[in-house]
Amino acid sequence: MPSKTVVVGSSIGLHARPAAIIAEAVVASGAEVTLATAGEEPVDAGSALMIMTLGAGNGDQVTVESDDEAALSTVADLVAKDLDA
């Protein structure tokens, strides 16, 4: 499955607000997308709660995986942005 590793851009990490924005984008895409931190199992990026379980903070690396290139690119861009601004 194609993947892209990005650095979390949100100043407080992937807490409720960024997680909700990312999950909403995944659901809207209709694609299967997962997120994972190093050494951890991937989680469903369509679930804000699952995204928050990653515990990913600002500057942490997150791997985004999806067979849908557009969804992969969109989610990777969102993870890398400061969604708290």
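Helices, taken as DSSP runs of H or I with at least four residues, and strands, taken as runs of E with at least two, are numbered from the N terminus. On that basis, Ala 25 has its place in helix H1.

Before I continue, a note on the model. It is a predicted one, in which local features need pLDDT of at least 70, side-chain atom pairs count only at pLDDT 80 or more, and totals for chains, interfaces and linings use all residues. Residues are numbered from 1 along each chain as its sequence is written, and side-chain values use heavy atoms, with hydrogens and water left out.

I return to Ala 25. With a relative accessibility of 21%, Ala 25 counts as partly exposed, because buried means under 20% relative accessible area, exposed means over 50%, and partly exposed lies in between, for a 1.4 Å probe and protein chains only. Beyond the residues up to four places away in sequence, Ala 25 touches Thr 74 and Leu 78, where contact means heavy atoms within 4.5 Å. Ala 25 and Leu 78 are 53 residues apart along the chain, and their C-alpha atoms are separated by 8.9 Å.

The axes of H1 and H3 come within 10 Å and cross at roughly 170°. The crossing makes H1 roughly antiparallel to H3. Here axes are lines fitted to C-alpha atoms, for helices over the stretch in contact, and angles run from 0 to 180 degrees between N-to-C directions. Angles under 35 degrees count as roughly parallel, over 145 as roughly antiparallel, 65 to 115 as roughly perpendicular, and the rest as oblique. From H1, the residues Ile 21, Ile 22, Ala 25, Val 26 and Ser 29 meet Ala 71, Thr 74, Val 75, Leu 78 and Val 79 of H3. The residues of this contact divide into 8 nonpolar, 2 polar and no charged. In that count Ala, Val, Leu, Ile, Met, Phe, Trp, Tyr, Cys and Pro are nonpolar, Asp, Glu, Lys and Arg are charged, and the others, Gly among them, are polar.

Let me turn to the sheet. In which order do the 4 strands stand? They form an open, antiparallel sheet in the order E1-E4-E2-E3. E1 and strand E3 (43–44) are at the edges with a single partner strand each, so one side of each has no neighbour in the sheet. Two strands are said to pair if DSSP finds at least two bridges between them. Strand E1 (residues 3–7) pairs with E4 over 5 bridges in the antiparallel sense, and Val 7 has Gln 61 as its bridge partner in E4. E2 and E4 are likewise antiparallel, over 5 bridges; there Thr 37 is the bridge partner of Val 62. E2 and E3 pair over 2 bridges, with Val 43 in E3 as the partner of Leu 35. These two strands form a hairpin with 5 residues between them, and Gly 39 in the turn has a positive phi of about 75°.

In a regular strand the side chains alternate between the two faces of the sheet. Thr 34, at a relative accessible area of 15%, is buried, and it stands opposite Glu 65 in E4. Apart from neighbours within four places in sequence, Thr 34 is in contact with Pro 42, Val 43, Ala 45, Thr 63, Val 64 and Glu 65.

What of the interior? The largest nonpolar core has 24 residues, of which Ile 22, Val 33, Leu 35, Val 64, Val 75 and Val 79 touch the most other members. Such a core is a set of buried Ala, Val, Leu, Ile, Met, Phe, Trp, Tyr and Cys residues joined through side-chain atoms within 4.5 Å. Helix H1 (16–29), strand E2 (33–37), strand E4 (61–66) and helix H3 (69–80) each give two or more residues to this core, and H3 gives the most, with 6 residues. Setting aside residues up to four places away in sequence, Val 79 touches Val 6, Val 7, Val 8, Gly 9, Ser 10, Ile 22, Leu 35, Val 62 and Val 64.

Finally, Met 52 lies in helix H2 (residues 48–53). Met 52 is partly exposed, at 32% relative accessibility. Its contacts, leaving aside neighbours within four places in sequence, are Leu 14, His 15, Ala 16 and Ala 19.
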